[in-house]
Amino acid sequence: MENKTLYVLSAKQISVQQPLSEEWMTQPVLYQTPYNRCIDPSFKDYVSPIEARRMGKILKRAIATSREALTASGLTEVDAIITGTGYGCLENTELFLDALTTEGEQLLKPTHFMQSTHNTISSLVAIQMKNHGYNATYAHKGISFDSAMYDAVLQMRLGKINSALVGGHDELTENFYHILKKGGMMGHDDEMCAEAAVSVVIGSQGSNSLCKLVDFKILHQPTIEKLKNITTKYKADYILTGISGNHSNDEAYLAEAKELFSGAALLKYKHLFGESFTSSGLGFYVAAHCLKEGKIPAHLFVDPKDKTDRKPANILVFNRSDGTNYSLALLEA
């Protein structure tokens, strides 16, 4: 398997920041509430009104970010569409179950059931784009997007594909947020939870790309020694962490990052975009655009003392999920 350099051709997001825009770099939207939903754009440019009536928000967001990412990449089509999602189409699932409990089994709307499965997202994007290539969905909680990206990287290094549209999509209804918070899975301390929709196009050629994707790894329950053996190979200027405001998790997260990457400046992004099961996709998006613009916004530094105007040569996206699963994405200008 060839360890060739890949390129991030484009990356687009719909989140709690201004949608399909990089305004967060200069004018971020700041939140004081623990639960927030996406700021949605007008979907009429991406989906017809008739189709939109039958789609949940997560599907419309996936189509919008995917179309924008494909247009920005300069490609007319991709060889693969791979999606990561923690819990899939929650709104449609809730609508179906609510109808089941209140109306019984006789008058259920089939659309809510048909569009409640996890792989609906990747399938619908393919249908909208008339894409008949490789199509897969990964639902692995906090490394869902990472698993999708890892699949794309492996497929490209094996020479099976030359381009891929990788998505990370999750919605968070108010009911489900309270269930997750009650179960101790979200909403800790100063943690801001939100929804995410991000689409990234990677390719083997990249004359006008955002950055290079030098390496990508996923690790399950690695020892600190194994992490050190891997990370010593990365000479990263900046480490983008996923600290979220969950104090107990962040303390361990930062301690590991400082031990593994001594001397590198630590960055954060979840205070702007929120915690979700596919928020690591937004971290990937943030790092790619920082490298493209050649600057790190001041509000991304964990320690304000690390702030510098030095142009970043590379950024390592360091994702830690549940303290057991890790992903490392090395991006280079």
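A strand is a DSSP run of E with at least two residues, and strands are numbered from the N terminus. The close-ups below come from a predicted model.

**View 1. The largest pocket and its lining.** This pocket has a volume of about 380 Å³. Of its 22 lining residues, Met185, Glu191, Glu275, Ser321 and Asp322 are the closest to the centre. Helix 9 (247–260), helix 11 (279–293) and strand 9 (314–321) are the elements that give two or more residues to this lining. Which element gives the most? Strand 9 does, with three residues. Sorted by class, the lining holds 12 polar, six charged and four nonpolar residues.

**View 2. The second largest pocket.** Here the space is about 290 Å³. The lining has 16 residues. Nearest the centre lie Asp190, Glu191, Met192, Ser244 and Gly245. Glu191 is also listed among the residues closest to the centre of the largest pocket. Helix 9 and helix 10 (270–273) each supply at least two residues of the lining of the second largest pocket. By class, six of the lining residues are polar, six are charged and four are nonpolar.

**View 3. Strand 4, a covered strand.** Strand 4 spans residues 163–170. Are its residues mostly buried or exposed? Eight of its eight residues are buried. Follow the side chains along the strand. Ser163, Leu165, Gly167 and His169 point one way. Ala164, Val166, Gly168 and Asp170 point the other way. Both sets are buried.

**View 4. The partners of strand 4.** Strand 2 (residues 80–84) runs parallel to strand 4, and four bridges join them. Look for Thr83: its bridge partner in strand 4 is Gly167. Strand 5 (residues 196–203) pairs with strand 4 in the antiparallel sense, over eight bridges. In that pairing, Gly168 stands opposite Val198 of strand 5.

View 5. Thr278 sits in the loop between helix 10 and helix 11. Why does Thr278 count as buried? Its relative accessible area is 0%, and buried means under 20%. Which residues does Thr278 touch, not counting those up to four places away in sequence? They are Gly84, Thr85, Gly86, Ser144, Phe145, Gly168, His169, Asp170 and Ala196. Gly168, His169 and Asp170 from this list belong to strand 4.

Technical notes. Residues numbered from 1 in each chain as written. Predicted model: local features only at pLDDT ≥ 70, side-chain atom pairs only at ≥ 80, totals over all residues. Heavy atoms only, no water. 1 Å grid on protein atoms, 1.4 Å probe; cavity = no way out; pocket = protein on both sides within 12 Å on 5 of 7 lines; lining within 4 Å. Points joined across faces, edges and corners; volume = space filled by probe spheres on them. Nonpolar A, V, L, I, M, F, W, Y, C, P; charged D, E, K, R; others polar. Buried < 20%, exposed > 50% of the residue type's maximum accessible area, 1.4 Å probe, protein only. Pairing = 2+ DSSP bridges. Contact = heavy atoms within 4.5 Å.
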